[in-house]
Amino acid sequence: MQIRLMRADDLHSAERASAATFLEAERLNRRVVEPEVEPRSAEASALWVDRMGFFLTVDPEGCWVAVDEDEDEVVGFAISQNRGRLWYLATYGVLPGQQGRGVGKGLMDAALAHGGDRQGLFISSVHPGATRRYRLAGFSLHSQVRMTGSVDRSALPAVTGIAEGGTGDFGWMDRVDGELRGAGHGPDHTFMLSTLRLIVARSEHRPGYAYVDDRGRVALLAAAHEDTARALLWEALASSREEAFVPSITAANEWAMDVGLAAGLDIVQEGYVAVRDMAVPGPYLASGHFL
């Protein structure tokens with residue numbers, strides 16, 4: 001077993017390891033009332049490869065893999081990034097058959113060393129081995145929920161002050177990020193804009209923005225004030241198709257829970273937001289990969 005920096009030719013093998021690792025974790029954590037877990041789609045696999053390839057281009061020193069040299073296959077991965085004074089962990093996992101052998105610790109140690117003394121932020125599963133490692137590394141684990149369901153269209157309010165965003169908004173968006181999480185998203189905005197819809201509130205004193213996917217599911221939301229955050233979330237919910245999705249709601253972001261309940265969504269417990277040397281951001285709904 002070798003733990004080393006990721007290379008571009010590792011991406012597809014790492015994606016296969018990621019798909020298998022998270023499929024098993026989701027099956028183990030599935031609630032009886034929830035539908036059967038489906039394998040990652042070809043489209044989602046391609047997007048994973050594109051995202052990790054982007055991280056590998058921007059900050060390659062934060063991207064690590066564990067490789068079974070006999071099989072020449074990736075069995076574990078830890079993709080982290082430095083943005084200013086913030087370090088974040090985009091994704092991390094070890095194949096079930098390789099867990100408990102020190103592979104995860106080696107990967108996490110390498111990723112943490114890359115972050116140095118920066119503040120830290122990531123989304124954590126409930127896996128007991130992983131959460132133990134995060135806490136021992138100095139992270140505080142804050143419970144989070146997600147909200148899902150069909151939006152009650154009769155509850156949608158009239159929302160004003162929201163517009164479509166673009167590259168010209170990135171400057172002030174990074175300033176909002178800096179106030180909330182200690183650093184801007186920087187180059188991440190360019191990648192997110194290439195795959196997601198950007199909606200913005202360009203208020204001088206209460207700006208904010210949200211990325212929304214093609215089904216109206218919130219991918220990331222940041223605002224200078226809760227009123228702006230609520231308006232952005234309502235706009236996203238109004239564009240939702242089929243089942244709405246609101247991620248990463250912590251106690252610091254109960255405003256999002258209130259909006260979701262008013263829209264008829266259900267609350268589901270889901271993992272933690274992990275932070276080190278910083279408060280949980282708010283008003284803020286973190287992205288799984290871009291944090």
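A word on the model comes first. This is a predicted model, in which local features need pLDDT of at least 70 and side-chain atom pairs count only at pLDDT 80 or more, while totals for chains, interfaces and linings use all residues. Residues are numbered from 1 along each chain as its sequence is written, and side-chain values use heavy atoms, with hydrogens and water left out.

Let's begin with the sheet. It is an open sheet of 8 strands with mixed pairing, in the order S1-S2-S3-S4-S5-S12-S6-S11. Helices (H or I, at least four residues) and strands (E, at least two) are DSSP runs, numbered from the N terminus, and two strands pair if DSSP finds at least two bridges between them. Strand S1 (2-5) and S11 stand at the edges with a single partner strand each, so one side of each has no neighbour in the sheet. On average, neighbouring strands of this sheet are turned by 20° against each other, direction ignored. As a reminder for viewing any such strand, side chains in a regular strand alternate between the two faces of the sheet.

Strand S2 (residues 63-68) pairs with S3 in the antiparallel sense over 6 bridges, and Cys-63 has Ile-79 in S3 as its bridge partner. The hairpin of S2 and S3 has 4 residues between the strands, and Asp-72 takes a positive phi near 55° there. S3 is also joined to strand S4 (residues 86-94) by 8 bridges, again antiparallel, with Gly-76 bridged to Val-94 in S4. In this hairpin 2 residues lie between the strands, and Gly-84 takes a positive phi near 60°.

How much of S3 is covered? In strand S3 (residues 73-83), 10 of its 11 residues are buried, where buried means under 20% relative accessible area, exposed over 50%, and partly exposed in between (1.4 Å probe, protein chains only). Helix H2 (residues 42-58) lies across S2, S3 and S4 and runs at about 55° to S3.

Next, look at a pair of helices. The axes of helix H5 (residues 170-181) and helix H6 (residues 188-195) come within 11 Å and cross at roughly 115°. Axes are lines fitted to C-alpha atoms, for helices over the stretch in contact, and angles run from 0 to 180 degrees between N-to-C directions. At this contact, Phe-170, Met-173, Asp-174 and Asp-177 in H5 meet His-189, Thr-190 and Leu-193 in H6, with contact meaning heavy atoms within 4.5 Å.

Finally, two residues deserve a visit. Met-147 sits in strand S6 (residues 140-149) and is buried, with a relative accessible area of 0%. Among the residues that Met-147 touches, not counting those up to four places away in sequence, are Phe-245, Ile-249, Met-257 and Leu-261. Thr-250 lies in the loop between strand S11 (244-249) and helix H8 (254-262). Is Thr-250 buried or exposed? Thr-250 counts as buried, at 4% relative accessibility. Leaving out residues up to four places away in sequence, Thr-250 touches Ser-143, Gln-144, Val-273 and Val-280.
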